[in-house]
Amino acid sequence: MKFRIVLTTVLWTLMAGSSWCQDAPVSEATQECLDCHTIFHPGIVEGWRSGRHAAVTPRQAMAVEGSARKVSSAVVPESLSTSVVGCAECHTLRPSAHADTFEHNGYNIHVVVSPEDCRTCHAQEAEQYSGNIMAHAYSNLADNAIYHQLQRVILGTPSLVDGKVEIAAENADTQADACYYCHGTVLKVTETEVRDTDVGELEFPVIAGWPNQGVGRINLDGSKGACTACHPRHTFSMAMARQPHTCRECHIGPDVPAYKVYLSSKHGNIYSSSHQTWDFNNTPWRIGQDFTAPTCAVCHISLVADTEGEIVNERSHEMKNRLSWRIFGLIYAHPQPKSPDVTVIRNKDDQPLPTDFNGGLAGDFLLSQEQQDKHTRTMQATCLACHDTSWVQGHWRRYTNTIRETNASILTLTNIMSEAWTRGYARGLGQGENPFDEVAERKWSDAWLFYGNTVRFASAMAGGGDYGVFADGRYQLSQVIAELHEWVEQRRILEDQSAQP
Amino acid sequence: MKFRIVLTTVLWTLMAGSSWCQDAPVSEATQECLDCHTIFHPGIVEGWRSGRHAAVTPRQAMAVEGSARKVSSAVVPESLSTSVVGCAECHTLRPSAHADTFEHNGYNIHVVVSPEDCRTCHAQEAEQYSGNIMAHAYSNLADNAIYHQLQRVILGTPSLVDGKVEIAAENADTQADACYYCHGTVLKVTETEVRDTDVGELEFPVIAGWPNQGVGRINLDGSKGACTACHPRHTFSMAMARQPHTCRECHIGPDVPAYKVYLSSKHGNIYSSSHQTWDFNNTPWRIGQDFTAPTCAVCHISLVADTEGEIVNERSHEMKNRLSWRIFGLIYAHPQPKSPDVTVIRNKDDQPLPTDFNGGLAGDFLLSQEQQDKHTRTMQATCLACHDTSWVQGHWRRYTNTIRETNASILTLTNIMSEAWTRGYARGLGQGENPFDEVAERKWSDAWLFYGNTVRFASAMAGGGDYGVFADGRYQLSQVIAELHEWVEQRRILEDQSAQP
Amino acid sequence: MKFRIVLTTVLWTLMAGSSWCQDAPVSEATQECLDCHTIFHPGIVEGWRSGRHAAVTPRQAMAVEGSARKVSSAVVPESLSTSVVGCAECHTLRPSAHADTFEHNGYNIHVVVSPEDCRTCHAQEAEQYSGNIMAHAYSNLADNAIYHQLQRVILGTPSLVDGKVEIAAENADTQADACYYCHGTVLKVTETEVRDTDVGELEFPVIAGWPNQGVGRINLDGSKGACTACHPRHTFSMAMARQPHTCRECHIGPDVPAYKVYLSSKHGNIYSSSHQTWDFNNTPWRIGQDFTAPTCAVCHISLVADTEGEIVNERSHEMKNRLSWRIFGLIYAHPQPKSPDVTVIRNKDDQPLPTDFNGGLAGDFLLSQEQQDKHTRTMQATCLACHDTSWVQGHWRRYTNTIRETNASILTLTNIMSEAWTRGYARGLGQGENPFDEVAERKWSDAWLFYGNTVRFASAMAGGGDYGVFADGRYQLSQVIAELHEWVEQRRILEDQSAQP
């Protein structure tokens, strides 16, 4: 093994003298990393080598003028400017800020690179992302008492105790394998351990919550999020994040079927049939020339321009800027929350929910109509680059109608559920009990967690009839209403019968 | 903004003198459209520019000899022959026929181009399509009293009235967002409106039912269908329609899972793994050379030829020509209807259904055995280009067996449902009530609307074990039968108990 | 037609004199096949022509040194060495061994080529595959009395007899169209038939169970399996088998959702976004250079190497070698069986199952902890080419936790089911009845056949939150537990009520 490292070093040193490497100079520290890790972790190294970070120095990147520039920081430290962005450039940054920094072959390395590290070159993106609701995905779930009751009945370990199902709290591994895979885990250094490696004994930090790339990960420098959720290691590709497959990782289930609905839309068809000829690397991303139908990123994030290079929409990593409604995850669709930290929200019943159980808005915490309209106009600017006003307005009128209609259906269902709670057929919040653990309650949550929102996604993305009707859509939504209604009715009949003498 | 239009006009005029534009001459009228819309709608313009319509004049297209010719009309008006097919060529065609024609910068423009417009060059395709059941998708659904009862309980707005769930009729936006997204809406000009645009105030027609690209759209010239359902604007690509993603838009849900089943078949695997090397543009489409496994279009529509150019199957936009059975959407699989207008069908109980509730065929309205055999042989001609006779016959024997067996299972289930109706456990057509609005009735419709047909699709496309068994297949079909049977049995027991003194 | 054959023969003979054909010499026998079948079955012939078999002779293939060699047999018969591998080379091999051998234009042809034929050149792969559990997929299902009860209630034909649902045995066509599509059918020559073909009357064998390409097909030479399950005819591509679409054919449903989960993982995203630039043909397959994320084949089968060509994992067609756990298809996850023939297994209750109903292992028949650890280390060698030890260990710790937790949930549910059986609310094995035919029993099988295993797949492949939670995951698993528990409780209450005077 040691011979291989020496040989590799020699080869790299020879190559370092070549013109290729003068164009993309590798720092001495990164070279030391590569000497070993080319052998130990060829996948990582080759991934990095194929990316932009390995090809361009920050100084070269900053020499690009105008909106094509990919480095948004006004200044990048001189020490980082003239080498390509390699292993050491990121993994030795801000060592004292990272709880997982450890001594490794003479360098202070940290395992987990955070958005605060990326901010060195990508200040604007890091700043925007910190205002993105995704950056708060951990605490928005973990610190919400009502969501937590749903989490418990889904993730907890059930057992029979005296003929009853009792659900014990799930452990951290189950959490990290389930909800917090996407929402992000809390990373924490618990100890250090010595491992016997191919180059002898080495000491490493042990990190609870690792591995994880959830969008709201709590990092070892206290920062929130993981840029690698969408820009996977170690290519950190913009082109990849612009493709819908990236979003699929967390947006595929019935709770948030964005990917399935998108691919089944006209836009998705055009993407699937023609993306092989698109340019996913150009900046700004030119409508009609670089791509002929929107991907997720086009509508929600990317800097897009028209044929003449005029900007149609500015890049934003705070996705709310183009969103007026929040259509999934809660009982009713409602205007986007003002703050990405939704733990501050209280509805009129003092619950940490954006609406009450009757659909009333926790208005102080949600976008005003005026703010919604502004976000809608921002989104529509992209639509209007391909569609005329009547098309766009017609689409939006239907979407608003669908939000209103699905909310109305869910209200009818919630009224049925409330009757069941009031009459004692089920025990919910009013009875001081978990509102998600009984069969009837689960049918109720099926309706708003899966069907109501699938119908809205199908509408929002013009995603076709099937997701709006038969595939977790209006067919299933109306079915659940019938089921819950017949159940309550039957319970009432039985009650009446047993009340008779 | 006006400066940009002037600049663009100058650039286009310069380019118009170049050899590129002499090869693909743009009419003066289209040039005027492009002058503004290149700026206002770059996506549309670039899409069009990348397509065949922008590259070839009808005269050039008609000069192609033999089966490679893409223009099927014997004659194309002289005035349209020598310019490429641009904005004005389609949007100013037959102005008096279109209710949405309006004056726009000196031209009589209509918003919605219809199959009757496309017929100018593509007469054969327009004619065939008018005989396709898809062209009648609007009225086949909207004008069928029984289907309409299903539509109502799925799309309608439920509310609680005196403890009962009442379902109010859905509005037009809900319809357009759901069933009629695929089936097609009715377009109607309701008024005109003045909009303040970048180039001043302009007047536009307001079109109810717009936007829509459903296969049976009722157009503003009275024609039916939307070529853009499969050949998306403004590329109008044949290559796109030949890929399965196009069909996905309306054939993805459990009601018609063609896309999912196809991709999970051997054919789908070969497509997914190798289509990058296929030629989707060649005409005729050569088996084995241009493609190595069928897509949806190969089996159902395309003009396909063998290695020596001999035609294996003629192009048909009337898909029934290669279909013997109709395997979805109705209670039982049955021979294809004779007429694409299925509202004429009456079964022996005088219902507008191709079978009665016991599976008896409305024979006068369906293909005869002889006609079915002819359609089967047409389809098999394509199969036989890759598979020998024993393979094809073995496949077909299994498919016919599966149609028989699923119909038998559905008959057993319908008998159970009928007992429930007779005994008064549910209220259906016999009781003058909606047969789709109760929980038991919904389980019954799950069986034939989702499971029976998924099993048949899996068989028809040799789509593998999972869709035939565990993914909305025989597992779920047999489960529903057990559920409904146990429910009826339990009701009977309760009835017997309460009948006792 | 005959003229076309003559013409084709002439063209082929002319081409046979060209340098292209000297490089890839076609045997005289194969040439005779091609003369007709180029016309009759252009799809097959073109498919073959595009593959490696048509381009390289076994002698050329064997001249490749080292791990890049694709022919694993030490010796290939001289008679087969100097022509490319064409129609005749495979379809006339070992004629007396095949029950379907028939005289065809002077040759003894057999229809179904088997792994024993492929073994001629690919001895190692055939040998390994015979030890693969997939090779035994037919009898592992067909000869297991308990599985058979599940098969019967899913595939059988239900009818109402005296108000009861009776399920008649399914026929062979239904079997071949369902479970045995993937598991493999039993092929058997039943008779011969004369067919009127374009070249006159010809006699062919009639083969029951044909067509089929299931992984455990019982062939006409008595061998097991179909190489074409993963290397589709007639290209027999390695590149195709390396793509996940191949595995999709049998691993897409809720019973074994590997494909869906993979595509929704980070690995799947990288594959979907970047595989267009990968090299699927290189051998050995180089991590990071030929591909940047694993496909199914990378982890389970392929010969993979690092940047310097050092082997990271040996090719294996006996997939168990890298697997420690069996996570689907049975009530509980358990160590991989020792023998690919799992019909030999008996649990402590003498049932042919790897665990008893309480999760106790049929230990003698399953991998020991030590053997499991060895398989785990083999798998992890590939992981470690991209991930450091802490990442890999963290992943594995979560996976083991998820196996433990899902097994615990299923045990709780099975205890509820057992109570139902004991109390007589349902009739299972203890009552001498089918344990899968009642509604409650089906909910129980939903849990372990669909939900428990989906959660495990999501964990095994780091497949994201949705498949672990909302898409057939923990949400549905916990829901079924609540449903079955409430049902048993309700039955008990009713029982108590009727027991009262």
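Four salt bridges cross the interface of chain A and chain C in this predicted model, a salt bridge being a side-chain nitrogen of Lys or Arg within 4 Å of a carboxyl oxygen of Asp or Glu. One of them joins the side chains of C:K266 and A:E249, at 3.1 Å from N to O. Local features need pLDDT of at least 70 and side-chain atom pairs pLDDT 80 or more, while totals for chains, interfaces and linings use all residues. Residues are numbered from 1 along each chain as its sequence is written, chains are lettered from A in the order in which they are written, and side-chain values use heavy atoms, without hydrogens and water.

The contact (heavy atoms within 4.5 Å) draws on both chains, as the table shows.

| Chain | Residues in the contact |
|---|---|
| Chain A | 63 residues |
| Chain C | 60 residues |

Together the two chains bury about 5300 Å², 52% of it on carbon and sulfur atoms. Buried area is the accessible area (1.4 Å probe) that two parts lose on being put together, summed over both. In chain A, the residues that lose the most area to chain C are A:D173, A:D177 and A:P211, together 11% of what that side buries.
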